[in-house]
Amino acid sequence: MIGEYKGVSPKIHDSAFVAKDAVVVGDVTIGEQSSIWFKTVIRGDVAPTHIGKRVSIQDLSMLHQSPNNPLIVEDDVTVGHQVTLHSAIVRKNALVGMGALILDGAEIGESAFVGAGSLVPPGKKIPPHTLVMGRPAKVVRKLTAEDYAEMERVRKSYVEKGQYYNEKTNFGK
């Protein structure tokens with residue numbers, strides 16, 4: 001379901017895949033070749049949400065904001081299943097693992113990897129090119145060439161899947 005809130009409708013690039021059972025409402029921008037998967041909720045009814053190009057927001061995720069504190073997801077980001085993003089910034093090429101919680105004012109650095117189930121508390125800055133895990137999330141190590149290759153594989157697979165679903169199925173918009 002795609003809908004307006006107080007006269008503001010989402011701006012969704014034609015090449016983006018939005019599952020029919022996802023909810024995208026209000027001041028939300030979704031860039032080209034991005035994908036919003038099944039049962040995801042993105043409410044732009046408090047502040048803007050900006051989702052860049054080639055971003056996947058996977059099944060059952062929830063994106064929202066606090067007043068005057070937008071949510072920004074830059075290009076080429078992977079957001080795993082059941083992730084909560086709330087008034088945070090996720091920099092380009094980052095990966096947020098399944099079930100993670102990223103809270104107000106947190107910033108995930110460029111090409112960082114947030115492990116599944118991690119909690120990034122309000123205001124926490126995750127350094128670029130690091131693996132973080134835990135509740136609260138802590139830096140575990142620098143990423144390796146193998147980590148980057150896996151992150152790229154996952155990102156590309158979701159761009160391809162999203163384009164397939166958008167063009168070949170009736171599951172979208």
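The model is predicted, so local features are reported only at pLDDT of at least 70 and side-chain atom pairs only at pLDDT 80 or more, while totals for chains, interfaces and linings use all residues. Residues are numbered from 1 along each chain as its sequence is written, and side-chain values use heavy atoms, with hydrogens and water left out.

The C-alpha trace spans about 45 × 35 × 20 Å along its principal axes. The radius of gyration of the protein chain is 15 Å, which agrees with the value near 16 Å that a compact globule of 173 residues would have. That radius is taken over C-alpha atoms, and the globule rule is 2.2 Å times the number of residues to the power 0.38.

Of the 173 residues, 46% count as buried. Buried here means under 20% relative accessible area, exposed means over 50%, and partly exposed is in between, with a 1.4 Å probe and protein chains only. The accessible surface of the protein chain comes to about 8,000 Å², and carbon and sulfur atoms account for 56% of that surface. Such areas come from the Shrake-Rupley method with a 1.4 Å probe, and for residues only the protein chains shown count as cover.

Contact means heavy atoms within 4.5 Å. Among contacts between residues at least 6 apart in sequence, 14% join residues at least 24 apart. As for charge, the chain has 21 positive and 19 negative charges, and their mean positions are 3 Å apart. Lys and Arg count as positive and Asp and Glu as negative, whereas His and the chain ends are not counted. Each charge is placed at NZ of Lys, CZ of Arg, CG of Asp or CD of Glu.

In soluble globular proteins, nonpolar side chains tend to be buried together. A nonpolar core is defined as a set of buried Ala, Val, Leu, Ile, Met, Phe, Trp, Tyr and Cys residues joined through side-chain atoms within 4.5 Å. The largest such core in this chain has 37 residues, of which Ile36, Ile51, Leu85, Ile102 and Ile108 touch the most other members. At least two residues of this core come from each of strand 3 (17-18), strand 4 (23-30), strand 6 (41-51), strand 9 (71-73) and helix 1 (145-168). Strand 4 gives the most to this core, with three residues. Leaving out residues up to four places away in sequence, Ile108 touches Ile89, Val90, Arg91, Ala94, Ile102, Val114, Val120 and Ile126.

Val23 is part of strand 4. With 22% relative accessibility, Val23 is partly exposed. Beyond four places in sequence, Val23 touches Met1, Thr40, Val41 and Ile42. Its C-alpha atom is separated by 7.5 Å from that of Arg43, 20 residues apart along the chain.

Towards the end of the chain, Ala137 lies in strand 20. Ala137 is buried, with a relative accessible area of 2%, and it touches Ser118, Leu119, Val120, Lys124 and Val132 when residues up to four places away are not counted. Thr144 is in the loop between strand 20 (137-142) and helix 1, where it is partly exposed at a relative accessible area of 28%. Within helix 1 lies Gln163, a buried residue with a relative accessible area of 14%. Apart from neighbours within four places in sequence, Gln163 is in contact with Ser15 and Gln33.

Some backbone geometry remains to be described. Most residues other than glycine have a negative phi, and most peptide bonds are trans. The peptide bond from Arg135 to Pro136 is cis, with omega near 10°, and Pro136 is found in the loop between strand 19 (130-134) and strand 20. Lys6 is not a glycine, yet its phi is positive at about 50°. Lys6 sits in the loop between strand 1 (2-3) and strand 2 (11-12) and counts as exposed at 71% relative accessibility. Asn93 also has a positive phi, near 65°. The loop that holds Asn93 runs between strand 12 (89-90) and strand 13 (95-96), and Asn93 is partly exposed at 29% relative accessibility.

Terms used:
Helices (H or I, at least four residues) and strands (E, at least two) are DSSP runs, numbered from the N terminus.
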